[in-house]
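Please open the model in your viewer and keep the selection tool at hand.

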Amino acid sequence: MPSKSQEDKTKKILKVLRDNPEGLWIRELARKSNLDKSTVSRYAEKELADKVEWSFFGRNKVLRLK
């Protein structure tokens, strides 16, 4: 079962993504959610894998809701 802290981080990321349906770079998503970019990337790859999709623009990852 996820801890309260994990749930809060997941909710922050999902809220920012809902507010930006066109998607965001990981760095921008981290800034808007007040989380570290490595945290956002890790959560997106593990906790939110079934809810988000990745696009790549050069070396930049853009994340958006499915």
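Begin with the buried residues of helix α3, which pack against α1 (4-19), α2, β2 (52-57) and β3. To display them, select Thr-39, Val-40, Ser-41, Tyr-43 and Ala-44. Please bear in mind throughout that this is a predicted model.

**Stop 1: Ser-41**

Select Ser-41, which lies in helix α3. Is this residue buried or exposed? Ser-41 has a relative accessible area of 16%, and because a value under 20% counts as buried, Ser-41 is buried. Leaving out residues up to four places away in sequence, Ser-41 touches Ile-26, Trp-54 and Lys-61.

**Stop 2: α2 against α3**

Next, display α2 (26-33) together with helix α3, residues 37-45. In general, a pair of packed helices is described by the angle between their axes and by the distance between those axes. For α2 and α3 the angle is about 110°, and the axes are 8 Å apart. The angle makes α2 roughly perpendicular to α3, since 65 to 115 degrees is the range for that description.

Which residues of the two helices meet? On the side of α2, select Ile-26, Arg-27, Leu-29, Ala-30 and Ser-33; on the side of α3, select Lys-37, Val-40 and Ser-41. The residues of this contact comprise four nonpolar, two polar and two charged.

**Stop 3: the loop between α2 and α3**

Move to Asn-34, which is found in the loop between α2 and α3. Most residues other than glycine have a negative phi. Asn-34, although not a glycine, has a positive phi of about 60°. With a relative accessible area of 66%, Asn-34 is exposed.

**Stop 4: Lys-32**

Now step back into helix α2 and select Lys-32. This residue is partly exposed, its relative accessible area being 37%. Apart from its neighbours within four places in sequence, Lys-32 is in contact with Val-16, Asn-20 and Leu-24. For a distance across the model, pick the C-alpha atoms of Lys-32 and Leu-65: they are separated by 16 Å, while the two residues are 33 residues apart along the chain.

**Stop 5: α1 against α3**

How do the axes of α1 and α3 cross? They come within 11 Å and cross at roughly 90°, and α1 and α3 are therefore roughly perpendicular to each other. From α1, select Gln-6, Lys-9, Thr-10 and Ile-13, which meet Thr-39, Val-40 and Tyr-43 in α3. By class, this contact has three nonpolar, three polar and one charged residues. Val-40 may be kept highlighted here, as this residue belongs to the contact of α3 with α1 and also to the contact of α3 with α2.

**Stop 6: the largest pocket**

Finally, select Trp-25, Ile-26, Arg-27, Lys-37, Arg-59, Asn-60 and Lys-61, the residues that line the largest pocket. How much space lies in this pocket? The largest pocket holds about 170 Å³. Both α2 and β3 (60-65) supply at least two residues of its lining. The lining consists of two nonpolar, one polar and four charged residues.

Methods: Residues are numbered from 1 along each chain as its sequence is written. This is a predicted model: local features need pLDDT of at least 70, side-chain atom pairs count only at pLDDT 80 or more; totals for chains, interfaces and linings use all residues. Side-chain values use heavy atoms; hydrogens and water are left out. On a 1 Å grid over the protein atoms alone, a cavity is a set of points where a 1.4 Å probe fits but cannot get out, and a pocket is an open set with protein on both sides within 12 Å along at least five of seven lines; lining residues have an atom within 4 Å of a point. Grid points are joined across faces, edges and corners, and a volume is the space filled by probe spheres set on the points. Helices (H or I, at least four residues) and strands (E, at least two) are DSSP runs, numbered from the N terminus. Ala, Val, Leu, Ile, Met, Phe, Trp, Tyr, Cys and Pro count as nonpolar, Asp, Glu, Lys and Arg as charged, and the others, Gly among them, as polar. Axes are lines fitted to C-alpha atoms, for helices over the stretch in contact, and angles run from 0 to 180 degrees between N-to-C directions. Angles under 35 degrees count as roughly parallel, over 145 as roughly antiparallel, 65 to 115 as roughly perpendicular and the rest as oblique. Contact means heavy atoms within 4.5 Å. Buried means under 20% relative accessible area, exposed over 50%, partly exposed in between (1.4 Å probe, protein chains only).
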